[in-house]
Amino acid sequence: MNRQIAQLFGLFVVLFAVLVAFTSYWSVLDAEGLEDNPSNRRALIREQKIPRGLILASDGRTKLAVSVPRGRGEDRVYTRTYPTQGLFSHPVGYSYLRNGRISLERSRNDALAGEEDEFESIFTGLEGREREGLDVVTNLSVEGTQAAQAALGGRKGAVVAIEPQTGKVRVMVSIPEYDANLVPSDFGRLNRDPNKPLLNRTTQELYPPGSTFKVVTATAALDSGELTPESIIDGSSPKEISGVPLSNAGGTSFGPISFTDALTNSVNTVFAQVGEQIGRRTLVEYMKRYGFYADPQLDYPDEQMIPSGIINGDGDYVENGFDVGRVAIGQGGLEGEVRAAPIQMAQVAAAVANGGRLMRPQLTDRIVRKDGRVAERIEPDLQSTVMKPETADELTAMMSRVVEEGTGTAAALAGITVAGKTGTAEVGANREFTQPWFIAFAPVENPRMAIAVTVERTTGQGGTVAAPIAKTVLEALLGGGG
Amino acid sequence: MSARARELFGLLPVSLLVVAGFAAVLATRTADVQDATLTYGAVFLGLCVVAHLFIRARLPDADPYLFPLAALLAAVGLVLIYRIDPELAREQAQWFVVGLIFFCGTILLIRDHHVLERYRYLIAAASIALLVLPRLPGIGAQVNGAFLAIELGPIKFQPAEFAKLGIIIFLASYLRETGDILVRPRLRPLPFQRQLLLYGVPVVLTLLAILVLDLGPAGSVLLVVFVASLVAVLRERPSPKHFGPLLLVWGLAMLMLIFIRDLGSALMFFGGFLALLYVATGRLSLVGVGVTMFFGGAFFFANQVSHVRDRFEIWLDTFSTERVLCPSTGEMTEFVNCQGYQVAQSLFAQADGGLFGEGFGRSLIEAPGGSILIPAPHTDLIYSVLVNEAGLFGAAGLVGAYLLLVFRGFKISMLAADGFSKLLAVGLTSVLALQVFVIVGGVTRVIPLTGVTLPMVSYGGSSLLANLVLLALLLIVSDSARRERIKRGGLV
């Protein structure tokens, strides 16, 4: 009998080993999968019991999000309030038990919630410290944000300002904004609102960029050596592009004209020919260097960003088969039309401003412990080298002319030189509305700020509608010492 | 060192654990360690020393590790239950005292466990009666769809906990007697024609059945194993009249599925039965027939009895987000948030525990506002609470403690001289080990979750009482076995 007993014991050893194996699987090996399961509310509930870190503006003082305790003892929970109401709603987002979290509240959640790994949490436990969240100091400028919101004056649209050398995002304004404090009570209404206040137009919406896209076309033409700023091209109007006549704005016929003058006056027929000359492959190559065809590399949730690019009538991203002449001037057709998020166009301006080196855009400057020690500093990071420095210099000179004497004179600042490009896309079923744009950077000699401004479905030109907004925001950002 | 001295020393770490455990829980509760923790430790140690002195007087040669291991498990249970609800822990502590009285009573009453053999049919009948009790109108009570408890006034009682002891005693005695004659090897090989008949007919019939009935892969494997085992049994000389009681046990297990609607208890009983059958006869073929019959029956009833079918569905599709009608609220909800809730939450809690756990007293059992995050934390899901608070290491330690207990139980069986003692020790140990497997396997999704207690650890009077009686029986068997060995000079 003893042999059978020993065998039976062996069976139980195996069975118990299976139990330990399964426990290991759930508690360690698949723990992350289970924690990410949408039905798992444990993390959210536990985090409610921890004071979440502050979110601060770039001055390190202005509180954009704070946690307020409610209840006593065991039942004490912390809820989020947003002292600046709607002002920073799009970059900051919200974090609530029932509604989940978005924007920085989501992308910086680990820091804000004071997430610790296994060993850290043991030390926290041993030292008897309460777990608490870390503060996130953003790059967002209070003055710049206020100026952008005031300048848009309630018109639907977006403003993004980026420091070219560092990629710091100083302004991210999307109108309409929403008051994050109202999310728990009014989420349904906000979600159904036809004006889409919860949509961050700077990263989640694509617009036809119009003539601002000519900067991309010019980059490709100059950097690939196809043209120089002095190249002379026929600017007469109309001109047949892909078998269909294309006209300049207002039907103006320029005749032979230099490439620089063509950008200054935003001559469609010239840029359409340039597009056809450099070809689809080169244009798409440079678009990718600028960051098109991929989510912005921003510290922001992936779900809230969409790639810019050339999109066909079915909504698919395409890299060939499109009418390259019309895409080169920021338009297109059913086979492919260029669409860009405002942050993408701000990155175009920033890349030119930084000598062709595109820096990764960053909303966060640093993560700070409660005792003031810096836990993590977000260092500037090169995203891609878009063009040669000489190309950037040439483009800067060309774009300066736009503000000095071309379509963008409304953006000129007193004492500070500005380089920019206007754009006006026609939208609506009968092209009855416009999508005015302005992208710029300043000062020209040593650019400290790049900006993109656009207004949604309005009337008027980029030079008259968007450029003045950019001027106001640049003044607020540069006037106060940056 | 004598066996009893080793037992006493074994109790020391146990009381340290109680003190440390209560201190940890109280520290997270009130931020300072109170004198109460020392009192808890002292009282627990006192009780254990009393039981130890009793064992010393009555069973001086009994296994020295069994009692400290059981005390360790009870201590872990008390700390965890205290952490969940101090009131429940007070009740459980009272049950522990009552249980120790039962423990000592059993040792006093049964001087020689062989007397149990005399009453085996009485014990069997009483056990079956105990199993049926919860189904009787008036005193029966349905818990989560299964009929496991009876209510006598204020006392809720789970008779199945005691029935398992009775059935093991009966089977040990019955198989001791019939194990040798149940199957006997043939002295001469069968003539060729008979062999052809014995092997040929089942092969043809099995193939036909698989083709005609369209059984699917699982069913086919089951049938093939069943037929092969059956042929192996028939090849020897099975004794039909002695198989009767064994078929009865199978029928009993199936009845438990239908009447008590509890897969876990059925698995426990039948598993214990098969373990005994194997040890008594040494025939794997009998186990093969038994296992396939059980699974065949279980799959059949899984489709017939809705409660059992639900358990299977929850096991396989725990995280399904399909929207279904939730019977408890009457609303349309995602499956994972209604039927699958308990198992899903059990796994979520374990995921939170990680390697080292969140610390005693830190587990999240209720959400602010009162919604339950770990349903039945003190009974079914106590293991999940342990994984959450003590992590994988704590849980592995607990499983290790059970394994040591099982090891000591089997050791007793191996030392015992007579068949009944051997079978009794193996049966009691196996049923305890199976119970651990059924509940821990349930909450870790190895098998469908069914509500049995984690022996010695879960809250529950009947369970604690029954397990302490089980422990007493093991100690009695151990005492006599070791005494004989010592007499013969085989054990120092």
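Author: Let's begin with helix α3 of chain B, which is mostly covered: 19 of its 19 residues are buried. A residue is called buried if 20 or more other C-beta atoms lie within 10 Å of its own, exposed if there are 12 or fewer, and partly exposed in between, with the C-beta atoms placed from the backbone. This helix takes in residues 66–84 of chain B, and from its first C-alpha to its last it reaches 27 Å, close to the 27 Å expected at 1.5 Å a residue. The expected span is 1.5 Å times one less than the number of residues. Helices (H or I, at least four residues) and strands (E, at least two) are DSSP runs, numbered from the N terminus.

A word on what you are looking at: this is a predicted model, in which local features need pLDDT of at least 70, side-chain atom pairs count only at pLDDT 80 or more, and totals for chains, interfaces and linings use all residues. Residues are numbered from 1 along each chain as its sequence is written, while chains are lettered from A and ligands numbered from 1 in the order in which they are written.

Now step back to the whole of chain B. Its secondary structure has 17 helices and seven strands, and 51% of its 492 residues count as buried. Two residues are in contact if their C-beta atoms, placed from the backbone, lie within 7 Å. Among the contacts in chain B between residues at least 6 apart in sequence, 72% join residues at least 24 apart.

Chain A has 16 helices and 22 strands, and buried residues make up 51% of its 482 residues.

How do the two chains meet? In total, 35 residues of chain A are in contact with 45 residues of chain B. On the chain A side, α1 (2–29), α2 (31–36), α3 (42–48) and α7 (118–127) each supply at least two residues. The largest share, 18 residues, comes from α1(A). By class, that side of chain A divides into 19 nonpolar, 10 polar and six charged residues. Here Ala, Val, Leu, Ile, Met, Phe, Trp, Tyr, Cys and Pro count as nonpolar, Asp, Glu, Lys and Arg as charged, and the others, Gly among them, as polar.

Axes are lines fitted to C-alpha atoms, for helices over the stretch in contact, and angles run from 0 to 180 degrees between N-to-C directions. A:Q4, A:I5 and A:L8 make the contact from one helix, and B:A275, B:Y278 and B:V279 from the other.

Finally, find the open sheet of five strands in chain A, ordered β8-β7-β22-β21-β20 with antiparallel pairing. Strands pair if DSSP finds at least two bridges between them. β8 (169–175) and β20 (419–427) stand at the edges with a single partner strand each, so one side of each lacks a neighbour in the sheet. From one strand to the next, the twist averages 5 degrees. Nine bridges join β20(A) to β21(A), residues 433–442; there, A:Q435 is the bridge partner of A:A425. Helix α8 (residues 142–152) of chain A lies across β7(A) and β8(A), at about 30 degrees to β8(A).
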